[in-house]
Amino acid sequence: MICHMRVLYVFIDGVGYGEAGEQNPVCPAVCPTLCKLMETATRLDTTLGIPGLPQSATGQATLYTGVNASQVMGRHKEGFPGPTLCRLLQEDNLFMTLLRRGLKVCFADAYFADTAEELAARRFKSVTTIMSLTAPETIRYQKDMLAGRAVLHDLTREAIVPKGYTGPLITPSIAANQLLDIVAENDFTLFEYFLTDVAGHTQNWDRASEVLRSLDAFLKELLAGKDDDTLFILTSDHGNIENLGTRGHTMNNVPLVAIGPRANEITTGATSLIDVMPHLLRIL
């Protein structure tokens with residue numbers, strides 16, 4: 001690892017390349033920062049050689065293991081991973097590999113929970129939660145969010161108000177600066193944003209635009225505040241929000257963005273979701 005280089009990996013669920021038009025809110029009028037990043041990004045295949053629409057569980061498992069999870073399953077798996085994908089993630093994953101290499105790793109999303117045991121007891125767990133539970137030192141909780149040491153998945157904390165949260169709300173820009181402070185303390189930081197996928201499934205332009213504008217303000221502040229020694233990576237698992245004409249996912253390519261030191265080593269030769277983790281491990 002080159003001296004002082006840090007990596008910030010931003011995962012955005014359900015954002016692909018779609019045709020411009022009234023069904024595609026991923027446009028400069030709504031999210032100029034994201035669109036500018038996507039213009040020059042490397043385009044990744046999400047189908048992984050398996051028929052059918054790409055899905056979150058297999059797409060994310062592929063990103064975080066470097067293994068073609070759809071091929072392992074024999075199909076694309078939606079939603080939460082089952083036993084086969086859980087085993088794949090628990091055998092090895094990005095967090096486990098980086099920790100073995102002596103790096104300081106953080107999953108910056110705040111869980112609205114207090115302990116790893118509470119997370120493990122949940123019936124439904126995302127790919128990232130399963131990965132985090134294999135490396136509990138990477139997890140951040142409600143107390144970390146309140147101290148500004150973690151960022152909630154929706155950026156503003158509004159999502160947990162119905163769950164009983166009565167603390168302060170924040171802006172996407174403040175969330176970005178909190179994330180940058182977290183990045184400064186770690187070698188590798190992952191942040192996951194999945195409201196894009198949720199909004200895409202609603203087929204509602206206003207909802208999708210609201211989510212994309214919030215994300216765009218966040219990304220703009222992140223890029224403005226990123227120091228020269230931080231490698232910024234952004235990618236997705238499948239398309240969705242770029243086509244509100246369908247309730248399901250799309251087969252569109254997704255972006256792989258890399259900005260900062262050794263960025264070309266992340267994007268050069270990358271053609272699918274399978275390539276992201278191996279390229280990342282080469283530079284760390």
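**Salt bridges**

I began with Glu210, which is partly exposed at a relative accessible area of 49% (buried means under 20%, exposed over 50%, partly exposed in between, with a 1.4 Å probe and protein chains only). Before going on, I noted that this is a predicted model, where local features need pLDDT of at least 70, side-chain atom pairs count only at pLDDT 80 or more, and totals for chains, interfaces and linings use all residues. I also noted that residues are numbered from 1 along each chain as its sequence is written, and that side-chain values use heavy atoms, with hydrogens and water left out.

Glu210 forms a salt bridge with Arg207, and their closest N and O atoms are 3.4 Å apart (the term means a side-chain nitrogen of Lys or Arg within 4 Å of a carboxyl oxygen of Asp or Glu). Arg207 is partly exposed too, at 31%. Helices here are DSSP runs of H or I with at least four residues, strands are runs of E with at least two, and both are numbered from the N terminus.

How many salt bridges does a search of the whole structure find? I got 4. I looked up Arg149 with Asp144, at 3.1 Å between the closest N and O atoms. Arg149 is partly exposed at 38%, whereas Asp144 counts as buried at 10%. Glu265 pairs with Arg262 at 2.9 Å; Glu265 has a relative accessible area of 29% and Arg262 one of 26%.

**Nonpolar cores**

Next I turned to the largest nonpolar core, which has 48 residues; Leu190 is one of those that touch the most other members, and Tyr9 and Tyr64 are also among them. (A core is a set of buried Ala, Val, Leu, Ile, Met, Phe, Trp, Tyr and Cys residues joined through side-chain atoms within 4.5 Å.) Helix H13 (residues 276–283) gives the most to this core, with 5 residues. A second, separate core of 41 residues includes Val26 and Leu222.

I then listed contacts of Leu190 (heavy atoms within 4.5 Å): leaving out residues up to four places away in sequence, they include Phe11, Phe95, Cys106 and Met131.

**A loop residue**

Last, I checked Thr115, found in the loop between strand E3 (105–107) and helix H6 (116–120). Thr115 is partly exposed at 33%. From Thr115 to Gln60 I noted 55 residues in sequence and 24 Å in space, C-alpha to C-alpha.
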